[in-house]
Amino acid sequence: MSDPALGLLMLSLIVVVIMMGFATAFTLMGLGIVFGFIAFYVPGQPWADNKVFALMVQRTYGAMTNDVLISIPLFVLMGYVMERGALVDKMFYSIQLAFRRVPASLAVATLIVCTFWGIASGLVGAVVVLMGVIAFNPMLKAGYDVKLASGVITAGGTLGILIPPSVMIIVYAAVAGQSVVKLYAAAMFPGFFLAFLYLVYVIGWALINPKIAPKLPESETRVPVRPWVAQLQQAYSRKMLPALFAAVLAPAKAMNITVDGARIGYPMLLKNLGFALVPLVLTAATLWATWWYVVIHQQPDIPTPVAASTLQKKVDDAPQPLGAGAASQPAEEKLEELGGGRSGAATRNEPEALQQMGSAELRSTITATPSAGPAPEFYTYFAFIVGIFGLLLLYYYWTMEAEQFEVLRLLTSSVMPLGILTAIVLAVILLGITTATESAAVGAAGAFLLAFGARTLDWKRTKEAVFLTAKTTSMVCWLFVGSALFSAVFAILGGQALLEGWVLSLNMTPVQFMILSQAIIFILGWPLEWTEIIVIFVPIFLPMLKHFNIDPVLWGVMVFVNLQAAFLSPPVAMSAFYLKGVAPKHVTLNQIFAGMMPYMFIVIVCMVLMYIWPGITLWLPNYLYGN
């Protein structure tokens, strides 16, 4: 048997052996050792001198010295600490009250919490199990269709591996040699867009067929209003914001209100006024951050005349080396060269359109120099958006009475701490303030602070979180060692070259190659998990992307979305088995599978839209970091 044929046999065996239930990492290493021994076999040579053992040591060292992998244990620890800290119960209750008038409110709240919790934890199994315990039984008791309830939990739980910070993105970055930060920026909008498509499907289905999600009784949607809040309304105003302002400025009437036999104090009034001002503060902070980044941050640093003349004098007085006069260049050209600017030969040799898959118009939008500032249209759009937000806030505060205020207080106390931590972790990565590893450390430390602040994390749960982190990290590291050895032996046998030659001989267009590669990954998601697909099969396609002028960032994010189906596709639909473990006995696995199927089609629709409008994926990384 020829070497390329051995390579194809090796690739086929890995799928068969994994489906038989063997551990993926050790299967990769075992097949790599066996087939590598055959590839390096020399008659008469002692078996211990076979080069495959040196190759294994080399590949293991290379995988373990990969700096990208350092952030994995920290992000995993962040997720497990939050999961063990039981911070999601109040969040689900407050979001369910906030969306109590929306069709299929329990399902909508479940999907929102799954999305939010998936972002914070990045753990599919933990999110599905946790939401299965918290939300599955309430939906069934409310008369919700089993397919709707199971589909929302399983599909929403998988979003954690797509929306940053995600361990899957880090693994792909290490395999493909891409920037973790750029992949995070690219995956941001597609992740939220997919969650939005899920929401549209759930609400649309409930509107078309209300029987699948009956309206909750009034007793379950009534917001509990604290007695002193009702007394405050009677003393000042029905509108909560004017009432709280009046109570703070003239607290005489408020001080006569009692809570559990004790009069309310001035700090309590200030605290509740702070709750009421949260929407205004968040809106103002978001608009200010947008203005700062787009307008102020983009402006070049202009030196003062004194500093400029001093700098010029130092340059003129500097001693020139022999021969420097003839070889001297303008300062701007030298800075460009030292900064990694490409030479003319490099520019001619490199393909101009690495992002041919719909990114030409995106490149044209970033050709302006950084000093040009935003386009004039930005100020018009920004003023329009500020006006819209102002009107919405005015309407919100004008209609905010006791129930809305209590919902706001619950949302602020349950969602805001976790939301601020997640926003900080993502912001410091995307804005280049810290590396992915440093932001992961910030996230892990913040998760401990939140859990300790909620007084839900004891020593036992801390040990469990650390143990599970070590277990997951070890699995990922062994996967990288096994995949590195497997891919090296596969390339040595000529399997990679054989597959590349076969694909290139088909004379496909970039569109056809994109469809073929994504279809293969979609099919592989039925029997395999995302880890096997990323570390075994994705490296086979990566060398071909340059030939077809496909951006590896766009292709990679489409793979991330595609792999959502890996958790939703039987027979190895892990989300279904996670949910079955905590579901009532009368809920069958076939019902859960049937509930997940529509979301697989939504994943395909999302991928088509990402291909038609690649700006969904590429606009943010191109804007933040250039082309």
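Me: Which helices do the buried residues of helix 9 pack against?
Reply: In this predicted model, the buried residues of helix 9 pack against helix 4, helix 10 (180-208), helix 25, helix 28 (530-545) and helix 29 (552-562).

Me: And how many of the residues of helix 9 are buried?
Reply: Helix 9, which spans residues 167-176, is mostly covered, with 9 of its 10 residues buried; the buried ones are Val167, Met168, Ile169, Ile170, Val171, Tyr172, Ala173, Ala174 and Ala176.

Me: What about the chain, how much of that is buried?
Reply: Buried residues account for 46% of the 627 residues in the chain, which contains 32 helices and 2 strands. Among contacts between residues at least 6 apart in sequence, 79% join residues at least 24 apart.

Me: Back to two of those partners: at what angle do helix 4 and helix 25 cross?
Reply: The axes of helix 4 (residues 71-84) and helix 25 (residues 459-492) cross at roughly 145° and come within 9 Å, and the crossing is right-handed.

Me: Which residues make that contact?
Reply: From helix 4 the contact uses Ile72, Pro73, Val76, Leu77, Tyr80, Val81 and Arg84, while helix 25 brings Arg461, Glu464, Ala465, Val466, Leu468, Thr469, Thr472, Thr473 and Val476. By class, the residues of this contact divide into 10 nonpolar, 3 polar and 3 charged.

Me: Changing topic, how many cavities of 30 Å³ or more are there?
Reply: The structure holds 1 cavity of 30 Å³ or more, and the largest cavity has a volume of about 50 Å³.

Me: What lines it?
Reply: The lining of the largest cavity is formed by Phe75, Ile119, Ala120, Ser121, Gly122, Pro165, Ser166 and Val167. Helix 6 (residues 105-121) gives the most to this lining, with 3 residues, and the lining as a whole divides into 5 nonpolar, 3 polar and no charged residues. Val167, one of the lining residues, is also among the buried residues of helix 9.

Me: And the second largest pocket, what volume does that have?
Reply: The second largest pocket has a volume of about 1000 Å³ and is lined by 39 residues, of which Met475, Glu529, Trp530, Thr531 and Tyr578 lie nearest its centre.

Me: Which helix gives the most to that lining?
Reply: Helix 25 gives the most to the lining of the second largest pocket, with 8 residues. The helices that each supply at least two residues include helix 4, helix 9, helix 25 and helix 28.

Me: How does the lining of that pocket split by class?
Reply: The lining of the second largest pocket has 29 nonpolar, 7 polar and 3 charged residues.

Terms used:
Residues numbered from 1 in each chain as written. Predicted model: local features only at pLDDT ≥ 70, side-chain atom pairs only at ≥ 80, totals over all residues. Heavy atoms only, no water. Axes fitted to C-alpha atoms, helices over the stretch in contact; angles between N-to-C directions. Helix = DSSP H or I, 4+ residues; strand = E, 2+ residues; numbered from the N terminus. Left-handed = near helix turned anticlockwise from the far one by under 90°. Contact = heavy atoms within 4.5 Å. Nonpolar A, V, L, I, M, F, W, Y, C, P; charged D, E, K, R; others polar. 1 Å grid on protein atoms, 1.4 Å probe; cavity = no way out; pocket = protein on both sides within 12 Å on 5 of 7 lines; lining within 4 Å. Points joined across faces, edges and corners; volume = space filled by probe spheres on them. Buried < 20%, exposed > 50% of the residue type's maximum accessible area, 1.4 Å probe, protein only.
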